Amino acid sequence: MPDDETNRENRVTVAADQIEGIDSFQPHPLCRGGWLQTISVKWLNPQLSLDTRPDAIGISVPDDHTPPDELSGYYFPATDKRGDKPLVTVFHGMGGHALSRYMRSLGQRLNTNGYDVLLWNHRGAGRSASKCARFHHPGLTADVCHLTEHLKADRPEWTRNGLACVAFSLGANLLLKYLAESGADSNFNAAVSVSAPLDMEVTSKNLRTGSNYAFDQYLLNKQRDELLRSSAELTDEERSTLESVSSVWELDDQFTAPRFGYDGAKDYYAENSAVDSMQSIRTPTLLLHAKDDPVVVPEVFEGIDWEKNDALYPMLCESGGHTGFFDQNRRRWHESATIAFFDSVL
């Protein structure tokens, strides 16, 4: 009889066995370890861009506030049409935007495999920055509802074959929360989560330990720049707070939580982390994570009873870092896994 540890290991690697075409991740020999894998995204040089793709379409979606914020993204049609494939929306992580390198890299790979792509800016990020007075957070599922309903109603030519989604890091937490809250009524036919911080409190604490502190400061500065944009509605006190906080935890405790009506960081994290709502997901969802992720510890991923929900396909890799997965063929393994998953379940 296999022991409990073996059973747990089997539960968190089922995607490799159940989805044809997903091979185990093999890191590049010169890119081993979580930190190297994580920073490997800086080596990306995707050809997909607004300059190289004159057929790209920028879209703006006003929200339902008065006056409205305008959310935005970029639509890239498939360069090689292969059957009736859905539109794939892609959500970025903290400090990113629609045209971040890892976003364009995935978009390019999806395009060449027959998928139309919408690279999306969260509220206040990228091209949305100058047109949004309000703020985004990784539990703001109303924005996902608004986007998907808009696409179905106003862009039927894009969504005639359905909708799928890929999301990175904090964007993946948002996706998973949306999938759980919408259940069987989700507007997505399939989804992929890459390096999701399922428990944001655990993740935020981990960022403040050891060498992870450097990444905490990187993310803090990225987020602070976004929040202090000229279009943002901030009081003088809030601006002063944003300029003085010294960690992601402090930013969430002193700014994000009170701004959205929560009683500090712990309350905000508890209410908006995806970890406790996973069993409500009904959309086929591939979840990719690495044991050597320096941002998101694997214990949270391993602690979920994946067998309770047949819609979830977890895959915990020995290596890969945080949204890195730079493989022995000098490609992004999570991109090929995403395509294999979509091709299999859709």
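This is a predicted model: local features need pLDDT of at least 70, side-chain atom pairs count only at pLDDT 80 or more; totals for chains, interfaces and linings use all residues.
Residues are numbered from 1 along each chain as its sequence is written, and side-chain values use heavy atoms, with hydrogens and water left out.

**Figure 1. The whole chain.** The chain holds 14 helices and eight strands (DSSP runs of H or I, at least four residues, and of E, at least two, numbered from the N terminus). Its C-alpha trace spans about 60 × 45 × 40 Å along the principal axes. Of the 346 residues, 60% are buried (under 20% relative accessible area, 1.4 Å probe, protein chains only).

**Figure 2. Helix α4 and its length.** Helix α4 covers residues 101–112. Its twelve residues should span 16 Å at 1.5 Å a residue, and the end C-alpha atoms are 17 Å apart, which agrees (the expected span is 1.5 Å times one less than the number of residues). Just after α4, G114 has a positive phi of about 95°.

**Figure 3. The cover over α4.** Nine of the twelve residues of α4 are buried, so the helix is mostly covered. Among them are Y102, M103, L106 and L110. The cover over the buried residues includes the strands β2 (70–76), β3 (87–91), β4 (117–121) and β5 (163–168), and the helix α14 (333–345) (judged by contact, meaning heavy atoms within 4.5 Å).

Definitions and conventions:
Buried means under 20% relative accessible area, exposed over 50%, partly exposed in between (1.4 Å probe, protein chains only).
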